[in-house]
Amino acid sequence: WLLSNELIGDVTAESRGKEEDLQLKNAYKNVYQSGTNSLSHNDYQRALTSKDIKLQPKRACIAGLELADILAHPIKTACLKAKGLITEPLAPFAERLCNAAHPKFHTGTNGAIENTGWSCF
């Protein structure tokens with residue numbers, strides 16, 4: 001999205017603990033330096049302001065991270081359900097949340113979320 005709109009941005013996550021933070025930092029650095037199957041390292045470096053992920057403690061109560069917490073679980077559950085990896089239905093609020101979020105995803109012609117191969121809804 002950043003690339004398609006010729007913008008740049010930061011990546012910030014909540015700190016989870018010493019080992020988890022190290023794993024996340026290493027994963028981010030790997031993507032930034034090497035890219036992925038979907039995007040080259042040049043694409044990531046053009047879209048992101050820093051080669052290092054920014055980690056914030058939960059107590060900082062960053063609004064964007066709080067919103068991500070609210071969205072992450074229902075959307076993950078919807079994706080797993082669409083892939084047949086779980087069978088339980090979404091809770092009514094989670095279903096409403098996913099329906100509201102879905103139009104915001106950048107999807108390709110096959111309905112998959114761009115650069116992921118996942119069709120979640």
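The side chains of Lys51 and Asp52 meet in a salt bridge, with 3.7 Å from N to O, a salt bridge being a side-chain nitrogen of Lys or Arg within 4 Å of a carboxyl oxygen of Asp or Glu. Asp52 is partly exposed, at a relative accessible area of 34%, where partly exposed denotes the range between buried (under 20% relative accessible area) and exposed (over 50%), computed with a 1.4 Å probe and protein chains only. The model is a predicted one, in which local features need pLDDT of at least 70 and side-chain atom pairs count only at pLDDT 80 or more, while totals for chains, interfaces and linings use all residues. Residues are numbered from 1 along each chain as its sequence is written, and side-chain values use heavy atoms, with hydrogens and water left out.

The chain contains 4 helices and 2 strands, arranged from the N terminus in the order β-α-α-β-α-α; helices (H or I, at least four residues) and strands (E, at least two) are DSSP runs, numbered from the N terminus. Of its 121 residues, 23% count as buried. Among the contacts with a separation of 6 or more, 51% are between residues 24 or more positions apart, a contact being defined by heavy atoms within 4.5 Å.

Helix H4, which spans residues 92-101, has Ala94, Leu97, Cys98 and Ala101 as buried residues. These residues lie on the same side of H4, because they cover an arc of only 100 degrees around the axis, the arc being that of the directions from the helix axis to the C-beta atoms. Helix H3 (63-82) is included in what covers the buried residues of H4, whereas Pro92, Arg96, Asn99 and Ala100 are exposed on the other side of the helix.

Phe93 also has its place in helix H4 and counts as exposed, at 55% relative accessibility. Together with Leu67 and Ile70, Phe93 forms a nonpolar patch on the surface, with about 320 Å² of accessible area in total. Patches are made of residues with over 30% relative accessible area and no salt bridge, like charges being joined within 9 Å and nonpolar side chains (Val, Leu, Ile, Met, Phe, Trp, Tyr) within 5 Å.

In total, the structure holds 9 salt bridges. A network of salt bridges links Glu14, Arg16, Lys58, Glu66 and Asp69. Within this group, Arg16 pairs with Glu14, the closest N and O atoms being 3.2 Å apart; Arg16 is exposed, with a relative accessible area of 57%, while Glu14 is buried, with a value of 8%. Glu66 forms a salt bridge with Lys58, with 3.4 Å between the closest N and O atoms, and here Glu66 is partly exposed at 22% relative accessibility, as is Lys58 at 41%.

A search of the whole structure finds 1 aromatic pair. The pair is formed by Tyr28 and Tyr32 and is stacked, at 6.2 Å centre to centre and 15 degrees between the planes; rings of Phe, Tyr and Trp (its six-membered ring) pair if their centres lie within 6.5 Å, and planes under 30 degrees apart count as stacked, over 60 as edge-to-face and the rest as tilted. Both Tyr28 and Tyr32 lie in helix H1 (residues 18-34), 4 residues apart, about one turn of the helix, and both are buried.

How values were computed
Areas by Shrake-Rupley, 256 points an atom, 1.4 Å probe, with all protein chains shown as cover.
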